[in-house]
Structure formats: structure tokens, C-alpha cells
Amino acid sequence: MAVAEPTGPALTREEADRALARLGAEHEAVESSLLALQDHAGRRLLEGAELTGETRSRWAAAEALIGQLWAYFDAYTAALTTARELRARRRWPTQGELSQLTELLRGSGITLAAPSTAASGAAGLTAGVPGLTARLSERLSLQELLDRMNGWYAQALDVVVIADTVWSALPARIDLLAAELRRTRSLAHSVGVRPGEHPSGDDLEQITRELAALRAEVIGDPLAFWSGASPSSAPGGGRPDTTRYDRAARALEDVRREVEAVLDVRQDAEQRLMRVRDVLSRADRTLNEARQARVEVLSKIAASVVPAVSGPPTALYEQLSAAADHRRHARWHRLSPLLDGLEQRAEEELLRARESLTAVTAPLAVRAELRGRLDAYKAKTARHGLAEDSLLVERYDAARRMLWSAPCDLVAAEGAVLRYQQALAEALAAGAGERATGRRGES
């Protein structure tokens, strides 16, 4: 607010005309602003709304300011009209008239009732000025009156603009999100995602309550949802606070993805169940093969530790039956996690069955490997002309009897094959030595 100064020297005619023109332009601007505020959509909404919290108190103060603004504007209009009439008396005003004009245009000659408690408190007029509200009237200059009206107007307009901006932004977005929520809830119910039965169903109920509460709070107290600077202090610096809305939107998106996952389960549940049955069937066949192989190993291999073979995966078959029951009764929200676990455990069961078969048949594989080595050594014996060597024949027959008898002692058979290999190596070395001695004698 401008500080009142002494009137000073009387204005000249040109200075008075310029001051009147400036004040007239200011008068038109103030009048246009007040009329625009009067017709502002936000103001009409505020007047008809059931307000709460911060908005209720600030709008009460703003209404008092608006009423005071019109009273001050009327005083400003009257003072300006008086000054214009004085100036219009003659083309060349007298010195006395110029002095009167100077007092009207620059002096604190406008007597006004002191602002109401609500208006002065809202405008900050009582801050640091004890007893101001107790004064019945005060005297202001036209410039001081104009400055005060501009300040009050900015404060009242802030309340109107903020409320209108928040109401224009948030309720519509909340309504759109609520519509999406209804669609998601309907879809969720169709696949069994309901409150008390699935966590996402509980989340949907919580989001529903939050959106309803948020909309009621935004409608009743829009100023509580403003973030940043006020429109008058920093144009474009503030915005509606959408923190709670954004949090609800993210939560709904998470639920929507969960429901879509359940829908995917519904669409391919039968194929996935068939794949699980196939994997478990293969695991069962492999275990049967391992059990048969174990009987064969125990009858054909002596002194060998053969691991036991587990029975069929009964627990998995029970879970598979439960999954099929969930599918028949459209309990997709229960089928989804059960199928995920079943697929993994079925693959693990098949791998375990294959490992069991490998472990059980290992002694037969060892016997087959020893038989192959023995046959290879015999072929090598024949290539070197040692097929009639009595020691080699004896050791071959001993190893062969062990490997082709039942039960076969793998440890003893491996030793016999090794002795045959060593005898062959010695015979080959001896033959090489004889050939070398013969070559030296001939030379």
C-alpha cells in the first residue's frame, strides 16, 4: 500500500489533467476487474457450495473483501466524480480550484468506515497495528484507496481462481478413474477376484473408498489441494495437488494388471493343465523304468549299491486335481498361483526321475563299458598275431566269464580286464624286443 505524503505544491492545470486521466483509467480497470470477478464461474460455484476446512474460512474472508471492495470503489468513484466536476467548471481553473484539485487528487481527504474484522484480517491490515479494528473510520488518498483495492482484489481473486482451477481439474479426473475402477471391479468379479477372497479384491475396495473420500474433500475444500505459489504472486507457479489421485491411479493399475494375469490364466488354463499332466506322466514313466532297471541291476550286478527309487509324485497329482477343480468352478484367482507352482514342480519332478534312472542304471553302464574295453583289447590281440597266446587266452576267458555272468562283480571284473590289458601290453613289448634283436643279428 502507498504511504500518504504531504500534498505539496498545487498541481498545474496540465498535471491535474494528467492525474485525472490516469485515475480515470485506473477507475475503468478496477470496475472491469470487479465486474469480471462478480461474473467469474469460480465465484458462483463458491457461493453455492457447501465448503469445509481452509476453503470455508478463506472464502468467508474473501466474500468480506469483495463487499468491502465495492464500498471502496463507490468512494473512489464519488471522489473522482467530484474532482472531475471541479475541473470541468472552467477551462482555466483558478489557483484556489487547483489547490482544491490537488487536495482531492493527492490528499487524504476520503473518509471511509474502517474495514470489517473479516476483511481487515484477511487483507493483513491488522497485523502489527494494535487497535486498528477498533477505529470507526480512516482517511485515505485516492492512490492509497486504489492500492488497497488492488491488494484486496488480488487476494479475493486468488481464492476464486484456485478453487475454480482445482474444481476444473480434479473432480473430472476422479470421475474418469472411478469409471475405470467400476469396469475393473466388474471384470475382477467375473474371474473370482473379490474382497475377502483375493488381495486384489481388497485393494479394489480400498481404492473405491479412497476415491469417494477424495472427491468429497476436493468438492468441499478445493484450496487444500493447491500446491505451489498463489496465482497473483507467481502466475503459472502453482497447480492442483494430485498426489492422492496419482497414488490411487497407480494402485488401480496394479490391480488391473493382476486381473489381466488371471484372465490370461482363464484363457490358456486347459492347455497348461494338459502340459502339466504330460510332464507328470513322463516323470511317472521314467520312475517306472528306473524301478524296473533297479530290479535288473540287483539281479545282474553283485556287490553294488543301487539307490532306491521313489514312488509316483502323489502330492503333485493331488495339486493337479485341485487345479482342475478350480478350473471347473471358475476359481481363476486360485488357479493362477497354483498353476505357476505346478508347472515348476512338474519340471523338477521330471528332472529328478531322469536323474534317478541314470543313478540306478550306472552299474549296467559300467559293465557295458568294461565289455567294450575287453572286446577292443581282444581285437588288438588278433591284429598283432597273439590270438593263440595261452596267457592272453586264459586272462581273456577269466574276464569274459566275470562280465557275462550274473550277478557280475564289477570290481573283480574290472580287475580282470585290467590284468588282460597288462598281459597284452607285456606281450606286445616282448615281441617288439625280439624283432629288434633279430634285426641286429642279421646286420
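This is a tutorial dialogue on reading features of a predicted model.

User: What should I know about the model before I start?

Analyst: It is a predicted model in which local features need pLDDT of at least 70 and side-chain atom pairs count only at pLDDT 80 or more, while totals for chains, interfaces and linings use all residues. Residues are numbered from 1 along each chain as its sequence is written, and side-chain values use heavy atoms, with hydrogens and water left out.

User: Thanks! How many helices and strands does the protein have?

Analyst: Helices (H or I, at least four residues) and strands (E, at least two) are DSSP runs, numbered from the N terminus. Here there are 13 helices and six strands.

User: What share of the residues count as buried?

Analyst: Buried means under 20% relative accessible area, exposed means over 50%, and partly exposed lies in between (1.4 Å probe, protein chains only). Of the 443 residues, 37% count as buried. For contacts, meaning heavy atoms within 4.5 Å, residues 24 or more positions apart account for 78% of those with a separation of 6 or more.

User: Which residues touch the most other members of the largest nonpolar core?

Analyst: The general idea comes first: in soluble globular proteins, nonpolar side chains tend to be buried together. A nonpolar core is a set of buried Ala, Val, Leu, Ile, Met, Phe, Trp, Tyr and Cys residues joined through side-chain atoms within 4.5 Å. In this structure the largest such core has 65 residues, and Leu145 and Met149 touch the most other members. Helices H1 (13-39), H3 (53-87), H4 (95-106), H6 (142-190), H7 (199-220) and H8 (243-300), along with strand S1 (110-113), each supply at least two residues. H6 gives the most, with 19 residues. Leaving aside residues up to four places away in sequence, Met149 touches Val30, Leu69, Tyr72, Phe73 and Tyr76. A second, separate core has 45 residues, including Leu273, Ile301, Leu342 and Leu424.

User: Where is Pro171, and what does it touch?

Analyst: Pro171 is in helix H6 and is buried, at 8% relative accessible area. Not counting residues up to four places away in sequence, Pro171 touches Val166, Arg215, Val218 and Ile219. The C-alpha atoms of Pro171 and Arg215 are separated by 6.2 Å, although these residues are 44 apart along the chain.

User: How can I read which way a helix faces?

Analyst: An α-helix has 3.6 residues a turn, so residues three or four places apart point the same way. Take helix H11 (residues 362-383): its 22 residues reach 32 Å from first C-alpha to last, close to the 32 Å expected at 1.5 Å a residue. That expected span is 1.5 Å times one less than the number of residues. The buried residues of H11 are Pro363, Leu364, Arg367, Leu370, Arg371, Leu374, Tyr377 and Thr381. Seen down the axis of H11, these fall within an arc of 145°, so they line one face of the helix; the arc is that of the directions from the helix axis to the C-beta atoms. Just after H11, Gly385 takes a positive phi of about 70°.

User: Which residues of helix H2 are buried?

Analyst: In H2 (residues 41-48) they are Gly42, Arg43 and Leu46. Their arc, seen down the axis of H2, is within 100°, so they line one face of the helix. What covers them includes H1, H3 and H6.

User: How many aromatic pairs does the structure hold?

Analyst: A pair of aromatic rings is described by the distance of the centres and the angle of the planes. Rings of Phe, Tyr and Trp (its six-membered ring) pair if their centres lie within 6.5 Å; planes under 30 degrees apart count as stacked, over 60 as edge-to-face and the rest as tilted. The structure holds three such pairs. Trp70 and Phe73 form an edge-to-face pair, at 6.0 Å centre to centre and 90° between the planes. Trp70 is partly exposed at 25% relative accessibility, whereas Phe73 is buried at 5%. The rings of Tyr396 and Tyr420 have centres 5.7 Å apart and planes at 55°, so that pair is tilted.
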